[in-house]
Amino acid sequence: MFRQRVFADATSGYKDADFVIFGVPFDATSSFRHGSSEAPDAMRKASYNFETYNDFFDLDLTDLNIHDLGDLDLDTHTDEMLRMVCDVTAMILRDHKIPIALGGEHTLTYGCVRAFIEALDDPDRSDPDSGILILDAHLDLRDEYLGVKQSHACVSRNIVDDLTDKCVLIGVRSGSAEEYAYAREVGILWHSADEVNDAGMESVIRESLDTLFDRGCTQIHLSIDADVLDPAYAPGVGNPEPFGLSSRDVRAAIRLAAPYVCGFDIVEVNPGYDHGESAMLGARLVREFIAAKSVC
Ligand code: MN
Ligand code: MN
């Protein structure tokens, strides 16, 4: 009688799936606008807007094996959410499938990256093989925010401090003086949104991937904070920041990075603050990632 809506074309069972989607309806640490917990379902709904055929890759998503696990059943405890995200992501990675997390706020990405370390890294190596490419308007390098350490405003910092220093940020245009100083101090590579505008996404992505490979990275998680997009393209986000990337820039990043990416998340879409544009774009970017990765 009851049926949870699944992402469009996610008709495969788990066992046969190459891509496994799950929702993380969590926004407990959101500082400015709450509501990203509504995004997984909004993106699922929006996903039915699109043709199943992708003309750029000449493939039909109905021919791919995609499964949607539904949403994690969460309360408001951040640590428990991170443990659940980590466990689900690690299960999917160990089963040689590609995890796709629909946020929710950016905090959840810590759980995804921890799963990479737990599931894929060689335990005999002290230096992690796993790295992360983050598209975000914000550095998210605060030590703590509003008295909370596991916050969306600290996610890059926590990943770099606890999990892996193989981290590159793209699309940055906001951070405190302390965050910029910290990035310099520990050697976090970041590319500004202006740099993407001036040099083009292709050269920025190539340099970012080269940096990750040079540092010994063999598997990459791609995290897209929707506020990396200019508010003109994605007004419904938690912390909108002008002078951002175009939807084409972000699509280009996904197409170029996909061959090297083993896990994906899209976070910080906030459907209560627009007329559906941001969830629509988020759903389309998920579909583009699936198409791009499936031809690799
Ligand atoms: Mn963020
Ligand atoms: Mn952000």
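This report walks through the metal sites and some of the packing in a predicted model.

## Ground rules

In this predicted model, local features need pLDDT of at least 70 and side-chain atom pairs count only at pLDDT 80 or more, while totals for chains, interfaces and linings use all residues. Residues are numbered from 1 along each chain as its sequence is written, chains are lettered from A and ligands numbered from 1 in the order in which they are written, and side-chain values use heavy atoms, with hydrogens and water left out.

## The manganese pair

Let's start with the metals. The manganese ion (ligand 1) has His106 (ND1), Asp136 (OD), Asp140 (OD) and Asp225 (OD) as its protein donors, at 2.1 to 2.2 Å. Donors here are N, O and S atoms within 2.8 Å of the metal (3.2 Å for Na, K and Ca); water is not among the atoms, so sites may look incomplete. Along the chain, the donor residues of ligand 1 follow the spacing H-x29-D-x3-D-x84-D. Histidine 106 sits in the loop between β5 (98-103) and α3 (109-120), and aspartate 136 in the loop between β6 (130-135) and α4 (155-163), so this pair ties together parts that are 30 residues apart in sequence. Helices (H or I, at least four residues) and strands (E, at least two) are DSSP runs, numbered from the N terminus.

Aspartate 136, in the loop between β6 and α4, and aspartate 225, in strand β9 (residues 219-225), link parts of the chain 89 residues apart.

## Helix α4 and its cover

Seven of the nine residues of α4 are buried, namely Val155, Ser156, Arg157, Asn158, Ile159, Val160 and Leu163. Their cover includes α3, β6, β7 (167-172) and α5 (177-186), where contact means heavy atoms within 4.5 Å.

## Strand β1 between two partners

In strand β1 (residues 19-24), six of six residues are buried. Phe19, Ile21 and Gly23 point one way, while Val20, Phe22 and Val24 point the other.

Two strands pair if DSSP finds at least two bridges between them. β1 runs parallel to strand β4 (residues 66-71), joined by four bridges, and parallel to β5, joined by six. Glycine 23 stands opposite aspartate 71 in β4, and its bridge partner in β5 is leucine 102.

## Where α2 crosses α3

The axes of helix α2 (residues 78-94) and α3 come within 7 Å and cross at roughly 45°. Axes are lines fitted to C-alpha atoms, for helices over the stretch in contact, with angles from 0 to 180 degrees between N-to-C directions. The two helices are therefore oblique to each other: angles under 35 degrees count as roughly parallel, over 145 as roughly antiparallel, 65 to 115 as roughly perpendicular and the rest as oblique.

Residues of α2 that meet α3 include Leu82, Val85, Cys86 and Leu93. On the α3 side, the residues include Tyr110, Ala115, Phe116 and Leu120.

Note on methods:
Buried < 20%, exposed > 50% of the residue type's maximum accessible area, 1.4 Å probe, protein only.
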